[in-house]
Amino acid sequence: MKPNSGTLVINIMNGGKAEAYEGVYQCTARNERGAAVSNNIVIRPSRSPLWTKEKLEPNHVREGDSLVLHCRPPVGLPPPIIFWMDNAFQRLPQSERVSQGLNGDLYFSNVQPEDTREDYICYARFNHTQTIQQKQPISVKVFSMDSLNDTIAANLSDTDIYGAKPVTERQPVLLTPTGSTSTKVELRGNVLLLECIAAGLPTPVIRWIKEGGELPANRTFFENFKKTLKIIDVSEADSGNYKCIARNTLGSVHHVISVTVKAAPYWITAPRNLVLSPGEDGTLICRANGNPKPSISWLANGVPIAIAQEDPSRKVDGDTIIFSHVQERSSAVYQCNASNEYGYLLANAFVNVLAEPPRILTPANKLYQVIADSPALLDCAYFGSPKPEIEWFKGVKGSILRGNEYVFHDNGTLEIPVAQKNSAGTYTCVARNELGKIQNEVQLEIKDPTMIIKQPEYKVIQRYGQASFECIIKHDSTLLPTVTWLKDNDELPDDERFLVGKDNLTIMNVTDKDDGTYTCIVNTTLDSVSASAVLTVVAAPPTPAIIYARPNPPFDLELTGQLERSIELSWIPGDENNSPITNFVIEYEDALHEPGVWHYQTEVPGTQTTVQLKLSPYVNYSFRVIAVNKIGRSQPSEPSEQYLTKSASPDENPANVQGIGSEPDNLVITWEPLKGFQSNGPGLQYKVSWRQKDVDDEWTSVIVANVSKYIVSGTPTFVPYEIKVQALNDLGYAPEPSEVIGHSGEDLPMVAPGNVQVHVINSTLAKVQWDPVPLKTVRGNLQGYKVYYWKVQSLSRRSRRHVEKKILTFRGNKTFGMLPGLEPYSSYKLNVRVVNGKGEGPASPDKVFKTPEGVPSSPSFLKITNPTLDSLTLEWGSPTHPNGVLTSYTLKFQPINNTHELGPLVEIRIPANESSLILKNLNYSTRYKFYFNAQTSVGSGSQITEEAVTIMDEAGILHPAVGAGKAMASRQVDIATQGWFIGLMCAVALLILILLIVCFIRRNKGGKYPVKEKEDAHADPEIQPMKEDDGTFGEYSDAEDHKPLKKGSRTPSDRTVKKEDSDDSLVDYGEGVNGQFNEDGSFIGQYSGKKEKEPAEGNESSEAPSPVNAMNSFV
């Protein structure tokens, strides 16, 4: 037994057999005042026995005959669920011809050739033990008439007469039940199932009737192709004879089932706790019904009353215990047991003999403030035994309050339905019984209602004019009002044109967008009133016109024909003001519940001046009428006289009933309380009823005050409940409410997902999967699963860092998910948790997985330092994210000439443990481009690029050339500053100008440009058209034996400089790309043959930089 609890825990998880605890249990709670006992609790272990082995003979059936395949499942606890499947675990199709009976057998009304198969298998599913037992397969072979005739013909001579009879149609015969009549006994409140299955050809159709009556509507259902009649929630009225009729084209057969509905005991009046004072009398009543009628027995403190301790004040009279002149020793807990052969009821009732003088629980001198003409409720909560009598007095020496102007509630509250100014003062509540008297005073203040004595009026204002609305109020001097203005039920625009004064609203320079309804709302701590007016903005009229205005308000309102639920209202219309009245709007005020608030009642056409109004009980009505024309609404008429309707029981029940648990062991029932107008009378309360769904349980009910919530404690975790809330007042109950379904509170899930597996897809992505947890362990609404994963360490650095857990949520009952964004070559851990509405369950054991290596990031930096004539020093940093074990670095570099063309590409492999390199044997005064990246075993990472220049030689030093086998001596001379070079360039420019002029003259004379002729004649592949995308021009050849240097060459997109078709380009001569000219322009350098250009690798732009950019890079 749990400590400090009455809960008995039987745990067989760690050993022991369930059979050892089989039996009937009962709990007894005892103290000095008595002993209470619980209902009997029966514990039986579940059983799922195996099928007895049997030899099943094949079934050979002639086409058209009936057939029954028996299942005969083993007897289990609880009984198994039966279904038929084949070897492929597919359910066998059922129809009007083939169907499963309530006993599990498979019935064929007539067999067909397609019924032939060898795998009719009956399965029994035992839900409690979650096991399925299988019967041995049953073989069925159907012989058709054609096959029988062929067999007979093969065994007879030609002279023999043969031929089996064709398939003959047969009238219906009942397969179950047998005979013409049978009986059925069912218990009240259960589901009645009646079954009729018939054989015949064609397949019979089943119809059900009840002899001498109708099948109950809304509770009758047909199942299994109308072979099963199902009636839910049966009662004694459902007893009788039910006839099933099976019919086909050849005839019919019927069977009568005599149904008797018995009933386990059910309460008519359950005994209730009784609080008595010494010397008082009382009774305990225990009345139950059933079929057969239950016997009533009494126990006192868990002992049969016949052998219980004697009590002279107690007398047992059948289902009643009568107490006379009780004493304090008469306190005890009595149990009433109502039993018949179908069950029993047990209820505890505590008889508490208590002598307690009165106590008043309401604080002394409590102040109540009420608006005049509204109800006032003065509390006087009390306790005492015997139950005190409550009296109210007004003033110090006032007389006891009586009369129809007061309502006295059983809980001691004094209600003044319509409080007036003279109702203010001191009220005294006196509670007395034979043991004493006590009194308490409360104060009542009556405040004047807040009123708008000058309401805003309808305005028609010309555009750019000024509109002003007044809202002058009158209020109680002790209340502080606040005035708020709204436009179209929303806040005023944030515009300086809107000026809010103490009692008015002014709008300057009105525009069309200012059209709308303006409302003045006045609030105090006790009441609120409002009034509205419409502003219409119009253009200035060009000429005077007829003035149209809202109608004047109706007047002379009169009430006639007063009845409890209706009254007739009549009125006289006001002036129409040149616009006919289209309709009248009738509004009402309830001075009893909402004084000063006007509600819409109805509206009638403008030609009607009387209306019959429907009324509600317990409302102090007054009415007013508003006339409406095309311009707008009139001011309301003066209110009619007041008419107070009589009280009645409520007409409706609370709306929006819900049941949602806030804790694992409770059910919070909430609803929208009825408004005072809907209460129909004083003493509004609610009857809250609940019972667990799908459990044969009675309703539990409690009556609460005018609140909106009730909490049921001690519920199982997350189970469905049927809930209903019924309104009642001092005059009776509202109609029976409809039921809603709610759930008790959720609790955190009990178990973690199991069998968590991780499949690493690549270095940054992994898939995780798990087994779903059993739904019964979720203990709430399954919302999904959360995967927590975090990086433990990088395998390349072996250094731990701050653990940053990441969370991925997978909605619903999903059992796998992808983990993106992982870091390569790292160790990770993860776990999985199930989530419900309460929160997360326990985490699964941490699962460790590792990601494989990936390619590294680019080196963290590349610096080029210490430039000399023929060397550069490179320094670099290892990649920020190596993503594996670095195997090496790759350095590629190539020279760049003055036109930004790239030279041969040189590649060097560098060990992974190096961090610097000195490049030697470089060309002096030459720009180089470097490409640098790192490698792992997976591949190369992204590269980093830099450019650097070797220093210039001005002293005539020997410089080695890249790609040459020996050094050459030369002096750096800038030919662009030499006079002969400038003169030569000017002569070339002059010759080009003369050539252009000659070409222009010859073209104008119709001559043909010789270069164009050669292009047309030979279609030289060297000739390139002008490209619009890059602005370069093609080359024209004016001699057959030589070609000029190419201009405007472009580097291809793969960063390689390809060899041109011409074999005579100067680029292909000399030692590298740095061939030099002497002062007279002759070429110096050894012919070294043609050289293929190396690719310029890297992530730079696919185009070689323009010459302008090349010059800029040297500046």
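1. Tyrosine 618 sits in the loop between strand 54 (610-614) and strand 55 (620-628); strands here are DSSP E runs of at least two residues, numbered from the N terminus. Its phi is near 60°, which is a positive value in a residue other than glycine. Tyrosine 618 is also buried, at a relative accessible area of 9%. For the cut-offs: buried means under 20% relative accessible area, exposed over 50%, and partly exposed in between, with a 1.4 Å probe and protein chains only.

2. Before going on, a word on what you're looking at: this is a predicted model, where local features need pLDDT of at least 70 and side-chain atom pairs count only at pLDDT 80 or more, while totals for chains, interfaces and linings use all residues. Residues are numbered from 1 along each chain as its sequence is written, and side-chain values use heavy atoms, with hydrogens and water left out.

3. Asparagine 301 is another non-glycine residue with a positive phi, about 55°. Look for asparagine 301 in the loop between strand 25 (295-300) and strand 26 (303-304). Asparagine 301 counts as partly exposed, with 23% relative accessibility.

4. Now the cis peptides. Leucine 77 and proline 78 are joined by a cis peptide bond with omega about -5°. Proline 78 belongs to the loop between strand 6 (67-69) and strand 7 (81-85). Serine 385 to proline 386 is cis as well, and omega there is near 5°. Proline 386 falls in the loop between strand 34 (382-385) and strand 35 (389-394).

5. On to the disulfides. A disulfide is a covalent bond between the sulfur atoms of two cysteines. The working criterion is a pair of cysteine sulfur atoms within 2.5 Å, and a search of the whole structure turns up five. With the bonded cysteines of the chain numbered in sequence order, the pairing reads 1-2, 3-4, 5-6, 7-8, 9-10.

6. Take cysteine 196 and cysteine 244: their sulfur atoms are 1.8 Å apart in the disulfide. The link of cysteine 196 and cysteine 244 is left-handed, with -70° about the S-S bond. This pair connects distant parts of the chain, 48 residues apart, with cysteine 196 in the loop between strand 15 (192-195) and strand 16 (197-201) and cysteine 244 in strand 20 (residues 240-248). Cysteine 196 and cysteine 244 are both buried.

7. The disulfide of cysteine 286 and cysteine 336 has its sulfur atoms 1.6 Å apart. It is left-handed, with -65° about the S-S bond. Here too the pair links distant parts of the chain, 50 residues apart: cysteine 286 is in the loop between strand 23 (282-285) and strand 24 (287-291), and cysteine 336 is in strand 29 (residues 332-340). Both cysteine 286 and cysteine 336 are buried.

8. Cysteine 380 and cysteine 429 form a disulfide with sulfur atoms 1.8 Å apart. The torsion about their S-S bond is about -60°, so this disulfide is left-handed. Cysteine 380 lies in the loop between strand 33 (376-378) and strand 34, and cysteine 429 in strand 38 (residues 425-433), so the pair ties together parts 49 residues apart in sequence. Cysteine 380 and cysteine 429 are buried.

9. Two further cysteines to look up: cysteine 27 is partly exposed at 35% relative accessibility, and cysteine 986 is partly exposed at 48%.

Definitions and conventions:
Helices (H or I, at least four residues) and strands (E, at least two) are DSSP runs, numbered from the N terminus.
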